[in-house]
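Have a look at the model, then try each task before reading on.

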Amino acid sequence: MVKKVKLLDCTLRDGAYINSSKFGVPALKGIIKKMQDADIDIIECGWLKDAPHEEGSSYYHVPSDMEQYLLDYSERYTYVAMIDWDRYDTTALPECNHKSINAVRVVFPRGKAKEGMEIGRKIRDKGYLVYLQAANTLGYSDEELEELAQYANDFKPVALSVVDTFGAMYFDDLKHIVSFLDKRLDPEIQLGFHSHNNKQLSFALTMSFVELLENSERGVIVDASLSGMGRGAGNATTELVANYLNEKQHGNYDMNAILDAIDMYIDGIREKYSWGYSTPYFIAGMYQCHVNNIAYLRKNHRTNARDMRNVISSLGVEERRHYDYDLLEQRYMENQDRQIDDDEVKQQLQKIFRGRKVLLVAPGKSINACEAKVKEFIDNEKPVVIGVNAINTKYSYDYLFFVNHIRYDYAREAYGEVFGKTKKILLSNIHTKAKENEFILNFNRAIKRGWEHFDNAVICALRLLGRLGVDNVALAGFDGFKTMYNESYSDPSLPTLNPDNKWDELNEEIKDMFRDVKLSVGSKMKIEFVTESIFDV
């Protein structure tokens, strides 16, 4: 009897997005061997690419490149590599010699099913089994699904997989697609499912997929990866899916071998790289958005969740499914700049600050440790006291200055009484219509681009004060970041704005921005430190 439900492990292929395919020789050999030991039916060994193979990489030019990683080749298993339908020259592919991969998965986008299958024919003519991946199947209309089934019936691949490219599916979406295709596909064609975990539904949908086809005679394939390793929010996890199949679907996968593979090879990778569910990737799933858009906004602008949602939602449906970084930058700038007429506010603040010393009270731990020193400075110097992006209830402020809505909302909710009675200076990226006790200035008055963390609150405050004509500024709590985010702050619950944990790099960048600020204000502004700071150089 042919096994009805098969498990495909795609760690070395989908996981290649995480570490640029550089698993290393021991991990490549070990993961493949452990998947065999676990009796995984289909082992995806990586990608076929139009480039020479580098040792230790799961990108191969020709199948013989991976022979060195197959310690115990067996016809019992299907060894597969994936190609993008239009990114691999199949003339380079030799006849299948059954010493490495014996199958190829061809992934094609919506609207290119016919072309994808034509590539598949060329591959099958060379002796390989062919599996098909219909990327973004959720985006197909019923007419397109009908056409997909017709093309597949003409071609007769081993399997056609439903692919939740953007991690956007709910159960009813999957049910509709599976029911539609199951009724129309040749019964000899297996139906597969590849999911992404943007909505924390990958494993649940994988189980549902299997159960939707329980009464069908059709063969079923489900994809998973060790610890869910894969691009963005990752995939269904091999360990969870294998355990489910063992307990509910008569599977016989060796869980010890799977767990050993995680212990030996995946945990070490996870110490260096991250993947899995996160709020930004939930937003990608929410809008069926290509993860490269999310990665760009995170890397280049440290965009918070609300702004990220606003930027992505401003894109058209088709624009979201691709990535155009120029367009994305334009939409980000439109979202952030929110130009307002702030000339009157600027003049008011110039008048208020004229001839006054300003003390910026940043949220570093030193404002607790050196409270007496800071308060003595305030008593002696009588400065305008401005709280920067945070409230510390030990201090009385003349103004609060906020550069992002996360800290603004946190201060309002956590310290409502102080927040309500204190005047606030805001940038227009938070909102554009002033509420009671608020002064709003254009975002661009306080920022200068060219650094990843260009919107550091103290740096923004200094730039803004310079443009308001302030010539005497003191700093307290501008300490610098420690090895753990909340070790750096007087309020350990202050929301995280720098989630990448690269503290040394962040400190160096702030030093560079601080030097730039001092150069830009020149002799016009005196800057002194009331508390110790790594930036006082």
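**Exercise 1.** Decide whether Tyr415 is buried, partly exposed or exposed in this predicted model.

Solution. Start with the relative accessible area of Tyr415, which is 22%. Buried needs a value under 20% and exposed one over 50%. Tyr415 is therefore partly exposed.

**Exercise 2.** Classify Tyr73 and Tyr79 as buried or partly exposed, then work out what kind of aromatic pair they form.

Solution. Tyr73 has a relative accessible area of 23%, so it is partly exposed. Tyr79 comes out at 0%, so it is buried.

**Exercise 3.** Which kind of pair do Tyr410 and Tyr415 form?

Solution. First take the distance: the ring centres of Tyr410 and Tyr415 are 6.2 Å apart, and the limit for a pair is 6.5 Å. Next take the angle: the planes stand at 80 degrees, so this pair is edge-to-face. As for its setting, Tyr410 has 18% relative accessibility and so counts as buried, whereas Tyr415 is partly exposed.

**Exercise 4.** Find which charged residues sit over the rings of Trp47 and Phe180.

Solution. Over the ring of Trp47 you will find the charged end of Lys49, 4.6 Å from the ring centre. Over the face of Phe180 lies Arg184, at 3.6 Å from the ring centre.

Technical notes:
Residues numbered from 1 in each chain as written. Predicted model: local features only at pLDDT ≥ 70, side-chain atom pairs only at ≥ 80, totals over all residues. Heavy atoms only, no water. Buried < 20%, exposed > 50% of the residue type's maximum accessible area, 1.4 Å probe, protein only. Phe/Tyr/Trp six-rings, centres within 6.5 Å; stacked < 30°, edge-to-face > 60°. Lys NZ or Arg CZ within 6 Å of the ring centre and 35° of its normal.
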